[in-house]
Amino acid sequence: MSALTQLYDEIRACRDCDLAEGRIKVVPGEGSEDAELLFIGEAPGWHEDQQGRPFVGSAGQFLDRLLTSIGLKREEVYIANVIKCRPPHNREPLPSEIQACRKWLDRQIELIGPRVIVTLGRHSLSRYFPAETIGKAHGKPRQLDGVVYYPMYHPAAALHQGSLRQTIEEDMLKIPEILAQVKELPQDVVEDRQLSLF
Ligand code: URA
């Protein structure tokens, strides 16, 4: 059993916030254990709660199409969320829930060691850059602690707001070039710095 699989057992047993009461299934995340590219969404929705898998509803189908557009399958990347359990009625995660769940994704990221972390939407962006807004930050890669962060709009936002669809599709198309260039970057840069890749 891999360290990541063992961690899934710990995550599934978690009762550190009230979301444990109403969940059907915990959604730890899934994908390649040595993914170079890791996506972080917001929270499981109805379908994810039923299946225990991230991004399997309509936003997930769009994410799959976005991945296909850059020649990737979901098994080749890693997909997770800021929180692991569905909030009632799909409400936004509370700061206390995000805080209680933080350790799990941190440990997953430590085990997987991605080179690029794609934040999908506001909550995921503010996990790393609390002062930033998605409208300004999307589509601009930046390096912090040796990892490149690449903020994008949440795929569900593009489904609700048609005008964002093209933006998210265009931002996705930049990822292969970012991955290629990341391999040339030194991994020991600690300060937050915007990358002039484009
Ligand atoms: N939206 C998310 O942020 N995550 C999911 O897993 C599904 C929808």
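## Burial of Ser 32

A residue counts as buried when its relative accessible area is under 20%. In this predicted model, Ser 32 has a relative accessible area of 16% and is therefore buried. Ser 32 belongs to the loop that joins β1 (30-31) to β2 (37-41). Beyond its neighbours within four places in sequence, Ser 32 makes contact with Glu 75, Glu 76, Val 77, Tyr 78 and Ile 112.

## Packing of α1 and α5

Ile 112, one of the contacts of Ser 32, also takes part in the meeting of two helices. Two packed helices are described by the angle between their axes and the distance between those axes. For helix α1 (residues 3-12) and helix α5 (residues 95-112), the axes come within 10 Å and cross at roughly 175°. Because angles over 145 degrees count as roughly antiparallel, α1 is roughly antiparallel to α5.

On the α1 side, the contact involves Ala 3, Leu 4, Leu 7, Tyr 8, Glu 10 and Ile 11; on the α5 side, it involves Trp 104, Arg 107, Gln 108, Leu 111 and Ile 112. By class, the residues of this contact comprise eight nonpolar, one polar and two charged.

## The cavity

The structure holds one cavity of 30 Å³ or more.

Helix α5 provides the largest share of the lining of the largest cavity, with four residues. The composition of that lining is eleven nonpolar and five charged residues, with no polar residues.

## The largest pocket

The largest pocket has a volume of about 600 Å³. It is lined by 26 residues, among which Glu 42, Ala 43, Ala 59, His 154 and Ala 156 lie nearest its centre. At least two lining residues come from each of α3 (46-51), α4 (58-69), α6 (122-128) and α8 (155-160). Of the contributions to the lining of this pocket, that of α8 is the greatest, at four residues. The lining of the largest pocket divides into eleven nonpolar, ten polar and five charged residues.

Ala 59, one of the residues nearest the pocket centre, lies in helix α4. With a relative accessibility of 15%, Ala 59 counts as buried. When residues up to four places away in sequence are set aside, Ala 59 touches His 154, Pro 155, Ala 156 and Leu 159. His 154 and Ala 156 are themselves among the residues nearest the centre of the pocket. The C-alpha atoms of Ala 59 and Glu 10 are 27 Å apart in space, and these two residues are 49 positions apart in sequence.

## Positive phi values

Most residues other than glycine have a negative phi. Phe 55, however, has a positive phi near 50°. Phe 55 is found in the loop between α3 and α4, and its relative accessible area of 6% places it in the buried class.

Asp 145 likewise has a positive phi near 50°. Asp 145 lies in the loop between β5 (142-144) and β6 (147-152). Since exposed means over 50% relative accessible area, Asp 145 counts as exposed at 52%. Phe 55 is thus buried, whereas Asp 145 is exposed.

Note on methods: Residues are numbered from 1 along each chain as its sequence is written. This is a predicted model: local features need pLDDT of at least 70, side-chain atom pairs count only at pLDDT 80 or more; totals for chains, interfaces and linings use all residues. Side-chain values use heavy atoms; hydrogens and water are left out. On a 1 Å grid over the protein atoms alone, a cavity is a set of points where a 1.4 Å probe fits but cannot get out, and a pocket is an open set with protein on both sides within 12 Å along at least five of seven lines; lining residues have an atom within 4 Å of a point. Grid points are joined across faces, edges and corners, and a volume is the space filled by probe spheres set on the points. Ala, Val, Leu, Ile, Met, Phe, Trp, Tyr, Cys and Pro count as nonpolar, Asp, Glu, Lys and Arg as charged, and the others, Gly among them, as polar. Buried means under 20% relative accessible area, exposed over 50%, partly exposed in between (1.4 Å probe, protein chains only). Contact means heavy atoms within 4.5 Å. Axes are lines fitted to C-alpha atoms, for helices over the stretch in contact, and angles run from 0 to 180 degrees between N-to-C directions. Angles under 35 degrees count as roughly parallel, over 145 as roughly antiparallel, 65 to 115 as roughly perpendicular and the rest as oblique.
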